[in-house]
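Subject: Structure handover

Hello,

Below is the structure I said I would pass on. My notes follow it.

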Amino acid sequence: MGRLFRLRANNTTVGREIVAGITTFMAMAYIIFLNPSILSGTGMDERAVFFATCVASGLVTLLMGLFVNYPIALAPGMGLNAYFAVIAAQNGHGPGHMPWQDALGAVFISGIVFIILTLTRIRQMLVVAVPDSLKAAITVGIGLFITMIGFKDGDLISMSFTGAQNATYKPNDIIDNYSWQPNLGSLHSPQTDLTLIGVLLIGALMALRIPGAMIIGIIVTTLIGIPMGVTSLSGLHGSWLPNFSGLEVGSLSLTGIWHYGLVSALFTFTFVEMFDTFGTLVGTASKAGLLEGDTGHKRLGRAMLVDAFGVSIGALLGTSTITAFVESGSGVAAGGRTGLTAVTTGILFWIALILAPIALVIPDQATAPALIIVGVLMMGAVRNIEWENIGIALPAFLTIIAMPLTYSISNGIAVGFASFVIIGLIQMIFRREHVKIHWLMYIIVILAIWRYVFYVS
């Protein structure tokens, strides 16, 4: 096993990798319950989506560990599953909507597009095309994005609205002309208190350099939550045998999609997935020190290929786009450096099929502290940004700040890349300064502008 995963070369151990894999799984286990809840709104069977989520996530994560030797886990991506639910809503009725079978077909085709882009090395060129400062900004931005997730899941922040009396809102409504205000969570809330306890506990364990601080903190926080009334043990009762009647494996349609908004749906799936995966892979791999030298870049190419196959595999099994998860950073922070971390996480996804009640016991307030700590660790990359050069500092800052504030990795990358190219062109035109801008950056910015002008209302 040590030779297969090159444990000694990566200065790690079997025990550390397994602990890191468990930590990653605990940080992202919410998706196996949240994804079925979201996709069931399209008419898909919730148990079938649960099966597809566990099996697809486990399979693709295992491939990432065995063939790439990366400590990165994959699962149906948040945001992309919400977009899937929107276009497949009302069972295909209404403008811009299509049946969920056709939406799965669009996801499958986007995976084929990714395979082509990866085999032609266009995706890998991004690593060379993007300046080092922007790569560092992506890492920092993802750290803040993860922290935002932790603050929300842990009830450390809430949102209040003023000026809208008796107003009612539907999901995804854009609220105009009314003020909104983020607020701190209340110490009178046991959920908030448990999250704070978890943050301090994990922080103290890491400060004391206790091995497995993340997973110990999650488990202890879960136990502390029992007397506080936050951790519910109700999920341990009832049948533990899975019931997967009516699976939707292979139910996608590749014919009906031509009658709906295929171009718009396919472009959105492809664009968002490309940037989300790029940002997650580069950010997490950089944190683990896996991008050094030509070998590091070749492995990143293989990781992108596994990710591309994962998109189509997920669609065949019956779930929305499979993508690399930012929560993989929690496993890296716990010491994960090789594919053994991913293999451990992948196996746990499969085990979750029959041990779902245990995963249900762990509250969000026990995993949220781990995400916050990951944000702290990823913030260190900020030192690698050329802050004295405003031409790179501003795009880097916009990349960092846009990710958490718009709740999207792809938005941050698009804004950062566009501002870098525009400012660079201005410098070259008016000051005759030479700014190194890779030709691929121009294409990316044009595609980004096209997407936001024509496909984002």
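Helices here are DSSP runs of H or I with at least four residues, and strands are runs of E with at least two, numbered from the N terminus. This is a predicted model, in which local features need pLDDT of at least 70 and side-chain atom pairs count only at pLDDT 80 or more, while totals for chains, interfaces and linings use all residues. Residues are numbered from 1 along each chain as its sequence is written, and side-chain values use heavy atoms, with hydrogens and water left out.

Overall: the protein has 19 helices and 4 strands. Of its 457 residues, 54% are buried (under 20% relative accessible area, with exposed over 50% and partly exposed in between; 1.4 Å probe, protein chains only). Taking contacts (heavy atoms within 4.5 Å) between residues at least 6 apart in sequence, 80% join residues at least 24 apart.

Because 16 of its 22 residues are buried, α8 is largely enclosed by the rest of the structure. Just after α8, D155 has a positive phi of about 60°.

S189 sits in the loop between β3 (179–184) and α9 (190–207). With a relative accessible area of 18%, S189 counts as buried. The C-alpha atoms of S189 and V230 are 9.9 Å apart in space, and the two residues are 41 apart in sequence.

Regards
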